[in-house]
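Here are my notes on the model you sent. Please read them with the structure open.

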Amino acid sequence: MKLLNRTNLIYITISLFVFFFGGIILYNIVKKTIDQNINKELLSSFHQAMSYTRKNPGNISSDSLLLHNSVDISKVNRDNPRIGKIMMKDTILYDKIETVYKPYRYISGFMLVNDEMYRIRVYKSLIETNALIEKIALTIAGMTLFFVFGVFFIIKIISQHIWKDFLNTVEQVGNYDVTNRLQKVNLPNSEISEFTKLNKALEKMIERIREDYDNLKEFTENLTHELQTPLAVIKTRVELLLQQENLGRENAENLSDINKNLAKITRLNHGLVLLTKIENQQFEEKNQLDLKDIVRNQLENFEDFILSRGLKVQQDLTVSKKFYFNPILADILFMNLVKNAIFHNHDKGTVNIFFRNETFGIENTSNNQVENPESMFARFKRAGNKTASLGIGLSLVKTICDHYQLDIEYRQEDNIHGIYIKGL
Amino acid sequence: MKLLIIEDESDLQQSIRSYFTNGNFVVDTATTFDAADEKIHLYEYDCTLVDLNLPDGSGFDLVQKIKGKSADTGIIIISARESVEDRVKGLELGADDYLVKPFHLSELNARVNSVIRRVKFSGEEFISFNEIKINPGERTVHIKDKHVDLTKKEYEILLFFITNQNKVLTKESIGEHLWGDFIDNANSYDFVYTHIKNLRKKLLDKGCQDYIKNIYGVGYKFSEN
């Protein structure tokens with residue numbers, strides 16, 4: 001979950017809780033206070049009624065209104081078992097005029113005056129107070145919502161402001177591409193010291209990464225370059241040795257093996273040089289090329305091999321595909337693909353090449369099974385028991401595809417191995 | 001033929017020198033820009049091999065100097081750098097060929113001979129070895145004046161053999177000569193074998209002696225015995 005969203009979610013949840021329970025408490029307090037008020041009033045009226053009864057024992061008229069409450073004073077039998085203490089109770093009374101039931105609270109008590117037992121009751125309408133409580137409840141609810149959302153927005157704005165620098169850092173670091181030489185990362189000082197600390201540490205780290213990367217590149221370039229000359233020396237010396245008369249079978253074989261492996265090293269080195277160059281953006285020039293010409297050209301190059309292995313080549317290159325490509329890279333790309341399809345094939349097998357639906361595909365029959373299709377493009381991977389084969393070839397292909405942001409996939413179905421490039 | 005080798009790595013220089021001295025070349029060497037400059041100034045060469053990375057100067061400048069001095073000196077650049085820009089620059093400055101280290105000596109030999117033929121004889125010189133006569137201009141081969149029909153690859157192999165006569169040629173060098181170094185040797189051996197077999201048959205059919213000797217485990221040698 002996003003930082004600000006989480007922050008806000010927490011704040012809202014807490015706010016809701018706080019204001020909700022606070023609201024409830026407030027409501028109850030208000031209700032209780034109003035209740036107590038009502039009760040006090042009733043009690044007061046009751047005492048007044050008692051006073052009146054004491055003073056006017058003979059002159060009792062029910063329904064006389066004291067204050068604004070209804071009073072009911074009536075004689076009762078002394079033996080009435082209901083005679084007891086003062087009590088307060090809520091009830092509903094029927095209003096004849098408005099033909100509805102209305103809520104009342106009454107206080108009821110008994111009093112002995114001149115040997116007569118009187119029951120005194122005072123009624124108070126609860127309608128107004130209920131309405132009051134309702135209004136207060138609504139107000140509280142409204143305030144709660146107002147506070148919650150108010151807090152929410154305030155917190156949101158404050159958060160955005162506080163975390164602004166951090167979010168900026170996250171974005172920049174996220175976008176950092178060490179291979180992009182021109183990219184500059186800007187992590188300025190922040191008002192918040194932790195962020196400043198973070199930014200400084202990150203800047204240092206990025207610089208270090210860049211340095212390491214550049215050094216590694218340079219090292220690789222130098223290494224591959226430096227290797228060429230000693231390799232040349234060895235190669236030529238071996239060749240000279242081979243010129244000797246009476247070399248002897250064993251010596252000849254040994255020298256031949258040396259030669260063979262030298263060739264391997266040379267090829268690998270050459271491939272590495274290419275890889276580093278491509279990654280170093282040293283093949284920037286692009287022309288608009290008709291890819292089918294390049295493919296056809298490569299097929300011609302390998303004519304000999306296709307013929308002698310009895311391979312059948314099916315082409316569907318009629319759809320003319322023009323693409324902005326560096327011509328050298330295009331050659332290397334398709335050369336390696338064609339070479340792969342031809343040499344990882346069995347005699348009298350087939351090669352199927354096509355441009356279809358924005359995809360270039362090349363498939364070949366093969367008796368070899370590949371365990372991890374995904375790692376086919378990793379450097380130095382081997383397939384089956386063909387040594388010195390995949391090595392750098394497919395890795396070059398992948399690097400070139402990456403360079404032009406083309407999707408490449410290796411699929412193996414039954415005996416058919418296929419490489420597919422999308423986006424062409 | 002006079003050859004000048006300008007290469008600062010002395011081991012390599014020695015190797016190249018050995019190979020060519022056993023042929024019909026007279027070889028001079030230089031390991032620095034200044035030494036090379038002097039030699040160029042004083043003498044005439046049929047072909048020069050120029051290394052680009054000299055300690056005290058750039059091979060490109062030497063190429064210009066050589067070209068400036070005489071138009072019929074072949075120039076082959078040998079360099080550790082496989083770079084299109086360098087190649088183009090070299091050729092534009094007047095070099096005749098560009099070979100990337102490491103290379104086979106036999107390949108270098110073939111290139112030197114090719115350049116000399118082109119530059120000195122406008123490609124018209126005939127190459128002969130006993131009863132075999134090759135016309136490089138027309139790419140035709142005659143055995144005792146009878147035309148032999150060879151495929152492109154067979155022709156290349158024959159030319160390569162004769163240029164490097166009496167030298168042991170490894171299968172690798174032949175394979176690389178025919179297909180460049182993008183073919184893995186493991187794959188090309190069979191083809192080399194097949195092509196040579198066919199070539200031999202065609203030559204023998206026309207009454208040619210069998211000069212192609214099989215050197216077990218290594219390759220071939222084209223010699224008279």
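Predicted model: local features only at pLDDT ≥ 70, side-chain atom pairs only at ≥ 80, totals over all residues.

1. Searching the whole structure turns up three cavities of 30 Å³ or more.

2. Lining of the second largest cavity. Chain B supplies Ile40(B), Tyr43(B), Glu44(B), Tyr45(B) and Thr48(B), along with Ile66(B), Lys69(B), Ser70(B) and Thr73(B). By class, the lining residues split into four nonpolar, three polar and two charged.

3. Length of helix 2, chain A. This helix covers residues 127-174, which is 48 residues.

4. Kink in helix 2, chain A. Where is the kink centred? It is centred on Lys164(A), and the angle is about 55°.

5. Buried residues of helix 2, chain A. Which residues of this helix are buried? They are Thr129(A), Ile133(A), Ile140(A), Thr144(A), Val148(A), Phe152(A), Ile155(A), Ser159(A), Thr169(A) and Gln172(A). An α-helix has 3.6 residues a turn, so residues three or four places apart point the same way.

6. His417(A). This residue sits in strand 12 of chain A, residues 416-422. Is His417(A) buried or exposed? Its relative accessible area is 5%, under the 20% cut-off, so His417(A) counts as buried. Its side chain makes a polar contact with the side chain of Tyr410(A), at 2.6 Å.

Methods. Residues numbered from 1 in each chain as written. Chains lettered and ligands numbered in written order. Heavy atoms only, no water. 1 Å grid on protein atoms, 1.4 Å probe; cavity = no way out; pocket = protein on both sides within 12 Å on 5 of 7 lines; lining within 4 Å. Points joined across faces, edges and corners; volume = space filled by probe spheres on them. Nonpolar A, V, L, I, M, F, W, Y, C, P; charged D, E, K, R; others polar. Helix = DSSP H or I, 4+ residues; strand = E, 2+ residues; numbered from the N terminus. Buried < 20%, exposed > 50% of the residue type's maximum accessible area, 1.4 Å probe, protein only. Polar contact = N/O pair within 3.5 Å; in protein donor to acceptor, adjacent residues only side chain to side chain. Expected span 1.5 Å × (residues − 1). Bend = angle between axes of the 7 residues up to and from the residue.
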